[in-house]
Amino acid sequence: MKLERLQEYVLPVVVTLLGMGFAVYTGSLMGQGRFSTVALLLGLLFMGFLTLIMRQYIWLLIIVAWPWPGSIPVLPVPFAVRDLGVMAAAVSFLALMALKIARRRPGYGIVDVSLAVLLIYMLTVLIRNPVGFLSTNSFRVGGRPYFNIAIACAAYFVLSRASIPVRSGAKLIIFTILASNYVVATLNIIADLSPRAARVLVGFYTGLAVDMDVDGGPPRLAPGEAVERLSYLGNIGIPTSMALASFYRPLTLVNPLYLTRFLALALCAVCVMLSGFRSSVLAVAAFILIATYLRSGWTEIVRLLVVCFFGLILAVAGQGQLYDLPLSVQRSLSFLPGKWSPVAKASADESTEWRLTMWKQMLSSNKYIQSRLFGDGFGVTKRDMAIIAMLSSRPGDSQETIMILGTVHSGPISTIRVAGYVGLVLHLALLALLARKAWELVRKSANTPFHPLAFFFGLPLIYEPFNYVFIFGGFDSSVPAAIYGLATLKLLENSVDDFRGTGVEAEPVSHRRIADPERMLAGAPRA
């Protein structure tokens, strides 16, 4: 053996010995029944392997993990899949920065300043209203939202320093997000169809949108629900409709001559309506209208509304005469005039009245909000926890529990409860600036491969200020979502800037007419 070739033999031997040692150690742990420790070690090993393979593209872990808010009980850590993905990507990215492999320095603008002001203010809210966790025996418990904000900030730290590869990168991101949402939806479908499978799946992932009886029985309706809502189907309908509006001219989506697109949008509509939420139906409609305006202006919006109007007339006219739609679909469409089931109509009306009653009580007394100017912070006292525990055995009192927690299905009121009027102004300013930045990036990314991704990331952010104020919102989830939304816009902006810097121009893409990606690649004329 030649001395200069020694390294060729040393590395395989070292790797083999380390692998054998790891196998013996994990075998010993399994023999002792410490399966959670083995799962953690395998996860760390897999994470190291991913870091070596993906290198500066390790940020993709965040994109994949974000749609997974549940945890994995078999792991000896209390973190959600989303948390684990973000933390793993952040640690790996820090290592890459230390090794000078990731060197980008992010730029900052008015949106970043607005976010920083909100975060500093939330720090003062935390100082005024200290909160911990039940396991730490704190006087005030429920600090999870602060942790979620920290996780979103870690995602922002990584994504603001990342860039998407030009070749197929943008489409890959969209398909990756869709695939991740489809997997979550598929798990929920399996759990909903099979109670036995549900009991097994809950042992591996806790984020399933099914309710189980205390004795481990089959999924059931939540207390007070008159109509079963398949909320998990929104994981299929909403992101898919966003993707369709991102890739294609929306008017072609309602044109049966474009059969594939038409059927895909029809499937999205079915999934969204079966989910049973009127807010989801409105969101999909808003995404399509916003995309239409950004591409073609008001003229095409009028055409689209005319087509959809006649389609809705045909669908509604047949309800109760020629066919009966599922109750969840009727509930989703009950805000339209039609012959709806009294059960579905009553469920929707009672939900609206239920919310209005809570909002009036929250704002008309100091029982649930102590400081409306500066907010009471996240969490509740132990006394409130005892009241909630007592009310949990009385389903009819669920409204009182929700008001104590502050999760009253209203963006402004939930913000006032946590951060006061000051926090409401700061948060609405951040949402408005995010919407403007998303709008600008859609325009800026025209004539680049990232144009569809700009729509995909931007549509929900453009719609969110209206949705948060008038339709549905919760401060505890909105702040992390806003931080993550800004992170995706920074990622997109970096990618567009890198593409512009190459001096390479893609085939011109008019904001009025968008070509099919397949035809663009083939050099065919636009549809």
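**Exercise 1.** In this predicted model, how are helices α9 and α19 oriented to each other, and which values describe their packing?

*Solution.* 
Step 1: Start with the orientation: α9 and α19 are oblique to each other.
Step 2: Now check this against the angle. Helix α9 covers residues 234-247 and helix α19 covers residues 451-471, and they pack at an angle of about 135 degrees. Roughly antiparallel would need an angle over 145 degrees.

**Exercise 2.** Which residues of α9 and α19 meet, and how do they divide by class?

*Solution.* 
Step 1: Look along α9 for Pro-239, Met-242, Ala-243, Ala-245, Ser-246 and Phe-247.
Step 2: Their partners in α19 are Pro-452, Phe-455, Phe-456, Leu-459 and Pro-460.
Step 3: Sorting this contact by class gives 10 nonpolar residues, 1 polar residue and no charged ones.

**Exercise 3.** Now try another pair: at what angle do α5 and α18 cross, and what orientation does that give?

*Solution.* 
Step 1: Find α5 at residues 110-128 and α18 at residues 411-444.
Step 2: Their axes cross at roughly 160 degrees and come within 9 Å.
Step 3: The angle therefore makes α5 roughly antiparallel to α18.
Step 4: As for handedness, α5 passes α18 in a left-handed crossing.
Step 5: Contact residues of α5 include Ile-110, Leu-118 and Val-125, while those of α18 include Val-418, His-427 and Lys-437.
Step 6: By class, the contact between α5 and α18 holds 16 nonpolar, 3 polar and 2 charged residues.

Notes
Residues numbered from 1 in each chain as written. Predicted model: local features only at pLDDT ≥ 70, side-chain atom pairs only at ≥ 80, totals over all residues. Heavy atoms only, no water. Axes fitted to C-alpha atoms, helices over the stretch in contact; angles between N-to-C directions. Helix = DSSP H or I, 4+ residues; strand = E, 2+ residues; numbered from the N terminus. Parallel < 35°, antiparallel > 145°, perpendicular 65-115°, else oblique. Contact = heavy atoms within 4.5 Å. Nonpolar A, V, L, I, M, F, W, Y, C, P; charged D, E, K, R; others polar. Left-handed = near helix turned anticlockwise from the far one by under 90°.
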